[in-house]
Amino acid sequence: MKLTESLLHALKAHGATRIFGIPGDFALPFFRIIEDSNILPLHTLSHEPGVGFAADAAGRINCSLGVAAVTYGAGALNMVNAVASAYAEKSPLVVLSGGPGNGESRSGLLLHHQAKTLDSQSRIFEEITCAQVRLDDAARAPSEIAHVLASCRHNSRPVYIELPRDMVAVDCQSVEALPPEKIDDEALDACVDEILERLARAKAPVLMAGVEVRRFALEKQVAELARRLGLPVVTSFMGRGLLAEADAPLVGTYMGVAGLPEVTQRVESSDGLFLLGVIVCDTNFAVSEKAIDLRKTIQALDGRVTVGYHTYMQIPLAALVARLLERVPTGEHRFAVNRQPFPRGLVADAAAISPNDIAAAVNDLMAAHGRMPMASDVGDCLFTAMDIEHTALVAPGYYATMGFCVPAGLGLQAETGQRPLILVGDGAFQMTGWELGNCHRYGWDPIVLLFNNASWEMLRTFQPESKFNNLDEWGFAQMAAGMGGDGVRVHTRTQLKAALDQAVATRGRFQLIEIMIPRGILSQTLERFVAGVKRLNAKQVVA
Ligand code: S1T
Ligand code: MG
């Protein structure tokens with residue numbers, strides 16, 4: 001078979017279900033094979049950042065591989081930020097880039113789309129992927145593909161595959177997936193013994209679930225483990241949305257000074273904090289009211305388990321959770337879990353709309369019509385998402401890039417077939433909101449809640465004196481029709497409720513609800529975050 005077909009079959013065998021991409025002359029030959037073979041459906045979008053975000057979200061939501069196909073140079077380098085985001089947030093994204101053929105690379109001419117040297121691109125991707133390969137030898141290609149895809153799944157990080165354009169159709173053997181890695185059973189048992197002993201000794205143990213629990217498809221197992229151990233569960237900020245479909249004793253999301261005081265207190269006073277797949281980063285821990293001594297916690301991340309001052313190597317999360325379940329007898333330690341109260345019952349009146357109203361309106365909508373998967377961007381919309389009922393959520397909660405959520409919402413619907421809710425600020429919409437123009441041809445119909453405060457409001461909370469945070473008031477709702485959807489601008493809570501009801505009732509076209517929010521009106525969570533950061537900074541100044 002052709003080398004590209006061998007690669008596509010291998011991607012499918014490793015869990016990929018589709019490809020997002022934009023071709024170019026270095027990629028036309030392999031895009032033709034993608035289209036002709038139809039081994040994986042292809043969704044082309046309008047700008048490579050959107051391709052990367054959509055593919056990332058498709059992989060995240062389904063605990064599978066996301067695949068982004070681009071041309072060499074202008075295409076691949078245009079997608080660097082999206083791949084960096086996937087790397088930081090441990091999303092298993094496969095980057096397929098067309099590349100110069102072996103012959104033309106030796107022509108002695110500088111090639112179009114080339115930056116410094118012909119290898120510059122792969123060197124740039126070395127910094128944001130865990131494995132890279134250039135498929136320039138058909139005999140080696142099956143093994144190289146097997147290794148790079150195994151690395152993507154094992155590390156849950158992006159990988160880079162460059163296809164020289166004169167190689168895509170050469171004859172190639174099929175790819176044999178690598179066998180699963182061997183686990184050192186004795187080390188695993190010793191690690192499990194020590195964890196269980198620590199948890200048994202703790203007076204107030206807490207389990208914090210992080211993104212790896214989703215990346216390795218362990219939500220149901222972790223919920224079961226928490227019930228058996230009688231452990232209350234919180235998610236990290238990045239892990240928001242985890243366990244929403246699982247029967248877990250979930251008490252809320254840990255956000256330090258920005259979170260609910262009872263959740264913050266429970267985590268920060270715990271003498272047995274078990275961090276399962278949690279990325280130890282500033283957005284998860286920098287705003288702790290009382291600094292958590294991470295040396296006193298149990299941390300399972302990146303295939304290692306650290307207990308106190310020592311680390312067990314090569315302990316994959318799935319193996320750890322499976323062995324814990326084997327060792328912990330079934331039986332439910334049911335205990336009262338007072339879940340985070342979520343705002344409900346939007347008052348439909350002529351009052352202006354606040355982010356808290358949006359959360360209440362969405363909770364009312366989900367109560368009436370069922371939960372919807374959500375994609376949120378950076379900005380106050382992400383803080384507002386914390387006041388929405390637990391539901392599947394994809395968001396750049398750590399790397400914090402803007403522009404993620406509209407393409408990510410399209411990736412969600414492509415991957416799951418479910419209609420997503422997209423939460424986006426006006427600044428972020430200006431970056432990649434135009435990808436909505438691709439909904440019509442693929443039959444996607446997300447509901448988009450655009451928080452239009454004509455401002456980079458989140459930056460204003462940090463630096464209120466800067467006028468550059470004032471954006472002009474764009475007429476986003478009016479632009480929807482030209483992109484194949486329906487748009488409405490709302491100013492009052494009555495109009496918001498009516499617009500949501502209308503959007504839910506309208507299928508087959510994206511629904512853009514442009515919500516006008518007066519500048520300076522913040523969600524309660526962002527207000528707590530800003531007040532908390534100021535309080536912590538004031539403490540540091542005094543100290
Ligand atoms: N560029 C990109 C690609 N990502 C970013 N995160 C930033 C710049 C910096 C940045 C923020 S928050 C923010 C910017 C520019 C403003 C967001 O404005 P909008 O989408 O309208 O949302 P809201 O008005 O709710 O703030 C983070 C802190 O780095
Ligand atoms: Mg804004």
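H113 sits in the loop between helix 6 and helix 7, residues 120–126. Helices here are DSSP runs of H or I with at least four residues, strands are runs of E with at least two, and both are numbered from the N terminus. Phi of H113 is near 75°, a positive value in a residue other than glycine. Most residues other than glycine have a negative phi. H113 is partly exposed, with a relative accessible area of 32%.

A word on the source. This is a predicted model, where local features need pLDDT of at least 70, side-chain atom pairs count only at pLDDT 80 or more, and totals for chains, interfaces and linings use all residues. Residues are numbered from 1 along each chain as its sequence is written, chains are lettered from A and ligands numbered from 1 in the order in which they are written, and side-chain values use heavy atoms, with hydrogens and water left out.

Next, S156. Its loop runs between helix 8 (141–155) and strand 6 (159–164). S156 has a positive phi too, about 50°, and is not a glycine. Is S156 buried or exposed? S156 is buried, at a relative accessible area of 1%.

P100 lies between strand 4 (93–99) and helix 6 (102–105). P100 is buried, with a relative accessible area of 1%. From the C-alpha of P100 to that of D445 the separation is 38 Å, and the two residues are 345 residues apart along the chain. M313 lies in the loop between strand 13 (310–312) and helix 14 (317–327). M313 is partly exposed, with a relative accessible area of 48%.

Now the metal. Which residues coordinate the magnesium ion, ligand 2? They are D426 through OD, N453 through OD1 and S455 through O, at 2.1 Å. Donors are N, O and S atoms within 2.8 Å of the metal, or 3.2 Å for Na, K and Ca; water is not among the atoms, so sites may look incomplete. The sequence spacing of the donor residues is D-x26-N-x1-S. D426 and S455 link distant parts of the chain, 29 residues apart. D426 is in helix 18 (residues 426–432), while S455 is in the loop between strand 17 (447–452) and helix 20 (457–462). Both D426 and S455 are buried.

On to ligand 1. There are 16 residues around ligand 1, and D380, A400, D426, G427 and M458 come nearest. A residue counts as near if one of its heavy atoms lies within 4 Å. Which element gives the largest share of the shell around ligand 1? Helix 18 does, with 4 residues.

A nitrogen atom of ligand 1 is 2.8 Å from a polar backbone atom of A400. An oxygen atom of ligand 1 is 2.9 Å from a polar backbone atom of S455. For E457, the distance from a ligand 1 oxygen atom to a polar backbone atom is 3.1 Å. Taken alone, ligand 1 exposes 630 Å², and the protein buries 78% of that. Those areas come from the Shrake-Rupley method with a 1.4 Å probe.

Definitions and conventions. Buried means under 20% relative accessible area, exposed over 50%, partly exposed in between (1.4 Å probe, protein chains only). A polar contact is a pair of N or O atoms within 3.5 Å; within protein, one must be able to donate a hydrogen and the other to accept it, and residues adjacent in sequence count only if both atoms are side-chain atoms.
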